Amino acid sequence: MRAVYWAVLGLGLVPTVAGGQAPPAKPVTVPFELLRSKHMVVRVKLNGKGPYRLLFDTGAPLNVIGVQAARESGLLTKTARPPAFFLAAPKPVAIPLVELGELKAEKVPAMIMDHPAVAALSQAFGPIDGILGFPFFARYRMTLDYQASEMTFVPNGYEPPDVLEALMAALLAPEPKGPRVVAAAGLWGFTVEKPDGDTQPGVVVKEVYAGGAAAAGGLKPGDRLLTLGGHWTDSVADCHYAASALPPGQAHPVIVRRQQQEIRLSLTPRPGL
Amino acid sequence: MRPLVLTLVSLWSLATPTWAQAPPQADTYQVPYRLTETKHVLVRVKINGHGPFHFLIDTGAPALFVATAVGKKVGVAPDTRGWATFKRFEIEGGVVIENARGRLDDPFQLEGMNKLGLAGVELHGVIGYNLLARYKLEFDFTRPTMTWTRLQYEPPEPTGLGRASAGLEGIALLVRMLSGLLARDTKVEIKPRGLLGMELEETAEGVWVRAVLANGPADRAGLKSGDRLVAVRGRAVARVGDVHRRLASVGPDEDVSLTLVRQGKAMTLTVTTGRGL
């Protein structure tokens, strides 16, 4: 459970980078249709059947396929009754093959159901058969370009976790007790403080250890630290949170205000703690 | 529980704006994000200098939604139709949108997630189409940041959002009821890990102290450059990662024992952790 929280809060992402270097592949470009409601719709084949029009939604934690499309594409047998939406929530099925333009994805999890929001959009904009969300697009480095009305996909080696399972675990987990410790990933060699009543952006650099990484990069006591590696540092906790996401041995941009001037530094934290 | 989870598949009501052109720009930003338990992409936002607030990136939302409580906090009141203009809308990583139009509203999806504490932090709104469409967006969950590139498009002012369907209103009611029943407090206080002040190096022989910060906690406890670290808090360490793991829950002002080998001799020292990073 602890690991889930950890991963969810983004700290789990750093190790993934090291482990998951997928070979570079040519991006697949897929056009999308923008409904007047500003929803994106893509044309998708399910098990070779279709194409079906599916909503493409980065805010959807699940893929959803409507009952009729599920029957046609063999995800639901012709006679099987679809699960009632709210009373007996269905278990996800794995769609053997999803094709989006030249993109082919196997074993894509989806819920079979007629979602009322999909039904409402279908009425207004013609038949829509479901939603493609996180469990699909998370497998790729994906770009969305509203200007060109297209998206691109490159497999990134990421294996999307089972959303329902993670949520169940989260809901059943005991409420957290005590503070959570946030650990910098490297050793920077400085301390910060935020005096009571100080509501301005940033924190004040208090001490810079001689010979440390921060001193080497030009950080000075009294600097107002505004961002660390692109992260806001408006509290001491924020500052540590930012450092937790910044691997040692790499240069990170740091912005400080010193005597009314914003200065951009480059600091390279070292392995250690 | 499952039904509730399913309703978090977000879909919003309808809007009908049209396109317009904007001056060309080619700025690229690295936007830090977190992935919530619900697998939503969460970014931090400042509005008119206040914040940071937590917003979801949702292409299923037609516009920017800002919680009514946040509107009060940043001193922005809605017009008669619930819309407002936010003078400076800033997203962590350097994205700045001036005069952002958004709706001051408390969508049931956010209320539900907040009551259940599913995001790990309080959610304050959703960034939807009318702001997102100005950027080319790159999502890659193997990387710690999203990439946002300014496009030449200026999406149209959002107008009305139409009416929610009866089905959605039913879901809204259900979410409000269920999340009320299951409400839990998951807000967590953040405590920084304590500072030891030692640079480490890893070789096939193990973990070495490469340097200590002058007058830092490790230095004061007597650690020296060249010491080989063999155990932390009584457990053997072979890699730098082991040391991090053994100390992952240690806050400032705590005593930790480090066992090391110096010139062939083993010794155990106690370091009192400090504050800093």
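The questions and answers below concern the structure shown above.

Me: What kind of model is this, and which pLDDT must local features have?
Reply: Residues are numbered from 1 along each chain as its sequence is written, and chains are lettered from A, with ligands numbered from 1, in the order in which they are written. The model is predicted; side-chain atom pairs count only at pLDDT 80 or more, totals for chains, interfaces and linings use all residues, and local features need a pLDDT of at least 70.

Me: Which residues does B:Val43 touch, not counting residues up to four places away in sequence?
Reply: Two residues are in contact if their C-beta atoms, placed from the backbone, lie within 7 Å. With residues up to four places away in sequence left out, B:Val43 touches B:Val31, B:Tyr33, B:Phe55, B:Ile57, B:Ile91 and B:Glu92.

Me: What share of chain B is buried?
Reply: Chain B has seven helices and 19 strands. Of its 277 residues, the buried share is 49%.

Me: What is the strand order of the open sheet of six strands?
Reply: Two strands pair if DSSP finds at least two bridges between them. The edge strands, each pairing on one side only, are strand 1 (28–31) of chain A and strand 2 (28–32) of chain B. Pairing is antiparallel, and the order is 1(A)-10(A)-9(A)-10(B)-11(B)-2(B).

Me: Which residue stands opposite A:Thr143 in strand 10 of chain B?
Reply: Strand 9 (residues 140–145) of chain A and strand 10 (residues 135–139) of chain B pair in the antiparallel sense over three bridges. Opposite A:Thr143 stands B:Glu138.

Me: How many nonpolar residues are on the side of chain B that touches chain A?
Reply: The contact takes 86 residues from chain B and 86 residues from chain A. Ala, Val, Leu, Ile, Met, Phe, Trp, Tyr, Cys and Pro count as nonpolar, Asp, Glu, Lys and Arg as charged, and the others, Gly among them, as polar. The side of chain B has 22 polar and 19 charged residues, and its nonpolar residues number 45.

Me: Which residue is the bridge partner of A:Arg224 in strand 16 of chain A?
Reply: Strand 14 (residues 224–228) of chain A runs antiparallel to strand 13 (residues 203–208) of chain A, joined by two bridges. There, A:Arg224 is the bridge partner of A:Val204. Strand 14 of chain A also pairs in the antiparallel sense with strand 16 (residues 252–258) of chain A, over four bridges. In strand 16, the partner of A:Arg224 is A:Arg257.

Me: Which residue in the turn of the hairpin of strand 14 and strand 15 of chain A has a positive phi?
Reply: Strand 14 of chain A and strand 15 (residues 231–232) of chain A pair in the antiparallel sense over two bridges, with A:Thr227 opposite A:Trp232. The hairpin has two residues between its strands, and the turn residue with a positive phi, about 60°, is A:Gly229.

Me: What is omega at the cis peptide bond that joins B:Gly51 and B:Pro52?
Reply: Most residues other than glycine have a negative phi, and most peptide bonds are trans. In chain A, the bond from A:Gly50 to A:Pro51 is cis, with omega near 10°. B:Pro52 is found in strand 5 (residues 50–57) of chain B. For the cis bond between B:Gly51 and B:Pro52, omega is about 0°.

Me: Is B:Asn215 buried or exposed?
Reply: B:Asn215 has a positive phi of about 65° although it is not a glycine. Its place is in the loop between strand 15 (206–212) and helix 6 (217–221) of chain B. With 11 other C-beta atoms within 10 Å, B:Asn215 is exposed.

Terms used
A residue is buried if 20 or more other C-beta atoms lie within 10 Å of its own, exposed if 12 or fewer, and partly exposed in between; C-beta atoms are placed from the backbone.
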